[in-house]
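Try each task first, then read the worked solution.

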Amino acid sequence: MAKLRLLPVVAALCLALAGVALAAPKFVIQGRVYCDTCRAGFETVASQYIPGATVKLECRHYETDSIEHTAVGVTDGTGTYNIEVEDSHEEEICEVSLVKSPVPACSEVSGSRNRARVLVTGRNGLASDVRYANSLGFLKDEPLKECGLLLQQYALGVDD
């Protein structure tokens, strides 16, 4: 008799677990936005991360090029954004791109660091649901005075 009373509880538990297993996957796209204070085209020790910058995630179908999904994110106090995405987008090419900088003196979109591609699918061997995008950078209107010396330390263009 006691076994019969447990039957509805066990059945409800099984249905709840099946619902969780069939739920759409959720991913978090995470990245940072910085101000390229040296106009170097990459992050340096003089780069500053931008709070309040706006970015956009756009997923396009790889065959038709039609936009299948879009989302907007804003960076926090550390210049980091987190965009939540439901469902797998394995047949789409997803990219995060710069939209707007809240810093007037650092609002020019960098041609080389204006977008980052991310894989938004669970079928790629990654255990985490967080997908990390490369940092995106706006260019400062005028480079900082110390940038010449700083960039010499990187030995750019010097062949041994």
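This is a predicted model: local features need pLDDT of at least 70, side-chain atom pairs count only at pLDDT 80 or more; totals for chains, interfaces and linings use all residues.

**Exercise 1. A second case**

Solution. 
Step 1. Arg39 belongs to the loop between strand 1 and strand 2.
Step 2. Its phi is positive, about 55 degrees, although Arg39 is not a glycine.
Step 3. Arg39 has a relative accessible area of 33%, so it counts as partly exposed.

**Exercise 2. The overall plan**

Task: Count the helices and strands of the protein chain, then write their order.

Solution. 
Step 1. The count gives two helices and ten strands.
Step 2. Along the sequence the pattern reads α-β-β-β-β-β-β-β-β-β-β-α.
Step 3. Turn to burial. The protein chain has 160 residues, and 32% of them count as buried.
Step 4. Turn to contacts. Take those with a separation of 6 or more: 69% are between residues 24 or more positions apart.
Step 5. Finish with the surface. The accessible surface is about 10200 Å², and 56% of it belongs to carbon and sulfur atoms.

**Exercise 3. Partners of strand 6**

Task: Find how strand 6 pairs with strand 3 and with strand 8.

Solution. 
Step 1. Strand 3 spans residues 54–61, and strand 6 spans residues 92–100. They run antiparallel and are joined by eight bridges.
Step 2. Pick one facing pair. Arg60 stands opposite Ile93 of strand 6.
Step 3. Strand 8 spans residues 115–118. It pairs with strand 6 over four bridges, again in the antiparallel sense.
Step 4. Ser97 has Arg115 of strand 8 as its bridge partner.

**Exercise 4. The disulfides**

Task: How many disulfides are there, and which cysteines pair?

Solution. 
Step 1. A disulfide is a covalent bond between the sulfur atoms of two cysteines. To count one, the sulfur atoms must lie within 2.5 Å.
Step 2. The count is three disulfides.
Step 3. Take Cys35 and Cys106. Their sulfur atoms are 2.1 Å apart, and they form a disulfide. Cys35 is in strand 1, residues 26–36, while Cys106 is in the loop between strand 6 and strand 7. Take Cys38 and Cys147. A disulfide joins them, with an S to S distance of 2.0 Å. Cys38 is in the loop between strand 1 and strand 2, and Cys147 is in helix 2, residues 147–153. The separation is 109 residues.
Step 4. Take Cys59 and Cys94. Their S to S distance is 2.1 Å, and a disulfide joins them.
Step 5. Number the bonded cysteines in sequence order. The pairing is 1-5, 2-6, 3-4.

**Exercise 5. Handedness and burial of the disulfides**

Task: Which links are right-handed or left-handed, and are their cysteines buried or exposed?

Solution. 
Step 1. The link of Cys35 and Cys106 has 115 degrees about the S-S bond and is right-handed.
Step 2. The link of Cys38 and Cys147 has -80 degrees about the S-S bond and is left-handed.
Step 3. The link of Cys59 and Cys94 has 115 degrees about the S-S bond and is right-handed.
Step 4. Now check burial; the cut-off is under 20% relative accessible area. Cys35 has 4%, so it is buried. Cys106 has 1%, so it is buried.
Step 5. Cys38 has 5% and counts as buried. Cys147 has 3% and is buried.
Step 6. Cys59 is buried, at 0%. Cys94 is buried, at 0%.

Definitions and conventions. Residues are numbered from 1 along each chain as its sequence is written. Side-chain values use heavy atoms; hydrogens and water are left out. Two strands pair if DSSP finds at least two bridges between them. Buried means under 20% relative accessible area, exposed over 50%, partly exposed in between (1.4 Å probe, protein chains only). Contact means heavy atoms within 4.5 Å. Accessible areas come from the Shrake-Rupley method with a 1.4 Å probe; for residues, only the protein chains shown count as cover.
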